Amino acid sequence: MIKKLNFVFFILAAVFSAQAQNKQIEFKEFDLDNGIHVILHQDNTTPIVVVSVMYHVGSKNENPERTGFAHFFEHLLFEGSENIKRGEFDKYITNAGGVNNANTSNDRTYYYEVLPSNQLKLGLWLESERLLHANIDQVGVETQREVVKEEKRQRVDNQPYGSILSEIAKRAYTVHPYRWTTIGSLDHLNAASLDEFMDFYETFYVPENATVSIAGDINMDEARELVEQYFGDIPKGKNEIPRPDIVEPEQKEEVRDTIYDNIQLPAVIQAYHMPEQGSEDSYALEMLSTVLSGGQSARMYKSLVDEQQKALQVVAIPFSSEDPGLYLLFGLPTIGGNLKDLEESMDAEVNKLKDELITETEFQKVRNQVENDFISGNSTMTGIAESLANYHVYFGDANLINNEIDRYMAVTREDIQRVAKKYLTKDNRVVLYYLPKSQQNN
């Protein structure tokens, strides 16, 4: 009886998965005369709407002597505008029963509001104010400098292992702007003048560098009219938008170092150079990471945590980005464990992938996990709005929200083995041992 029930559940799961995969996310897109790209997705099942704007500017667009600007503007542009008093941006949202947020990466900055659908005009007005005439003055700059300082203290300085990305980046990259992280340098922010902040705003916060993505309970024709009403008259920028074309030279030998930090447990971090997102090999590497650490039944967790009991945690994380990024392996040894021993065991799991193909059963499980993650990522209006914007900004093809999964499904077992051999090599990596500061003078 139990076997029959399990079989029924398996069939039902397969049916629902197929239905979810076949459900196309419909959208319309168009350009305004000033260069703003607009993407609209209508879903009237719940009375909410997501209004978002993505700017194609991240930390890699910064002057090396003025790092941290992109992230700083993520904060600064909540200060208000000519028509929004200081500190009232969030009040408009909360008073309407909505929420809002923003985030910055190496490659883009993203702002969004989730609102009751009858507040679509409010979201469009707020975002048009941010783009048209944000309030950039000395008071706002000084206020947000303190906010960023506090964020750095909380997320980097006083967060265990919070400095990993910055310590890895400055060793993995020698010339590419990925060598600094989005938080940047507080010294650079302190030294910057108001004119420099204004120049950054006038260069990157312009219509031709913006993608408006709206998803939710809307009427397509009405939404288009409203977007044109609020954004159509915003003038184009006057400055050329700089796009870095620096190519990081191939790494020829392993880089190793030891970092003493405010931590209790040591850790080993390996960072391998990987190709840019959207390349065939990047999809294979993402599937490889699922093989290694996609849950407690994945190879590294099962072997190093459960069986050998050498690690408390092990993860593989591909940091895909617009330019070639990094593929990280992170391991926490058991209490009293040896970092060198753990590193060798992590290497052994990688070498197994190089030496032999994963089994068909394991491969199918990985494909199912990847497919489920892809569908889940586009199961909410916030996820859909951001995905549509991402696909347009990075690839110029918003319809990848429907068919990028085909690129993952095209990856073969042989591809996974090949990219393991090609990229997960010692000459192509940075290795850091993180140790407690108490061990520094031992």
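User: Why is the crossing in which α13 passes α15 called right-handed?

Analyst: α13 passes α15 in a right-handed crossing, a term that applies if the near helix is turned clockwise from the far one by less than a right angle, whereas anticlockwise makes a crossing left-handed. This is a predicted model, in which local features need pLDDT of at least 70 and side-chain atom pairs count only at pLDDT 80 or more, while totals for chains, interfaces and linings use all residues. Residues are numbered from 1 along each chain as its sequence is written, and side-chain values use heavy atoms, with hydrogens and water left out.

User: What makes α13 roughly antiparallel to α15?

Analyst: The axes of α13 (residues 360–377) and α15 (residues 400–409) cross at roughly 170° and come within 10 Å; axes are lines fitted to C-alpha atoms, for helices over the stretch in contact, and angles run from 0 to 180 degrees between N-to-C directions. Angles under 35 degrees count as roughly parallel, over 145 as roughly antiparallel, 65 to 115 as roughly perpendicular and the rest as oblique, so α13 is roughly antiparallel to α15. The contact (heavy atoms within 4.5 Å) is made by Arg367, Val370, Glu371 and Phe374 of α13 and by Leu400, Ile401, Glu404, Ile405, Tyr408 and Met409 of α15. By class, that contact has 7 nonpolar, no polar and 3 charged residues, where Ala, Val, Leu, Ile, Met, Phe, Trp, Tyr, Cys and Pro count as nonpolar, Asp, Glu, Lys and Arg as charged, and the others, Gly among them, as polar.

User: Why are α12 and α16 called oblique to each other?

Analyst: Helix α12 (residues 339–355) and helix α16 (residues 413–423) pack at an angle of about 125°, with their axes 8 Å apart, and the two are therefore oblique to each other. Their crossing is left-handed, and the contact is made by Leu353, Lys354 and Asp355 of α12 with Gln417, Ala420 and Lys421 of α16. By class, the contact of α12 with α16 has 2 nonpolar, 1 polar and 3 charged residues.

User: How do you know whether Tyr161 counts as buried or exposed?

Analyst: Buried means under 20% relative accessible area, exposed over 50%, and partly exposed in between (1.4 Å probe, protein chains only); at 18% relative accessibility, Tyr161 therefore counts as buried. Tyr161, in the loop between α5 (138–157) and α6 (164–172), has a positive phi of about 65° although it is not a glycine. Most residues other than glycine have a negative phi. Gln144, which lies in helix α5, counts as buried at 9% relative accessibility, and touches Phe72, His75, Leu76 and Glu79, not counting residues up to four places away in sequence.

User: Why is Gln309 called exposed?

Analyst: Gln309 has a relative accessible area of 55%, and is therefore exposed. Gln309 lies in the loop between α11 (299–307) and β9 (311–319), and its phi is near 55°, a positive value in a residue other than glycine.

User: What makes β1 and β4 edge strands?

Analyst: The open sheet has 6 strands in the order β1-β2-β6-β3-β5-β4, with mixed pairing. β1 (28–31) and β4 (99–104) stand at the edges because each has a single partner strand, so one side of each is left without a neighbour in the sheet. Two strands pair if DSSP finds at least two bridges between them, and 6 bridges join β4 to the antiparallel strand β5 (residues 109–116). Val99 has Val114 as its bridge partner in β5.

Definitions and conventions. Helix = DSSP H or I, 4+ residues; strand = E, 2+ residues; numbered from the N terminus.
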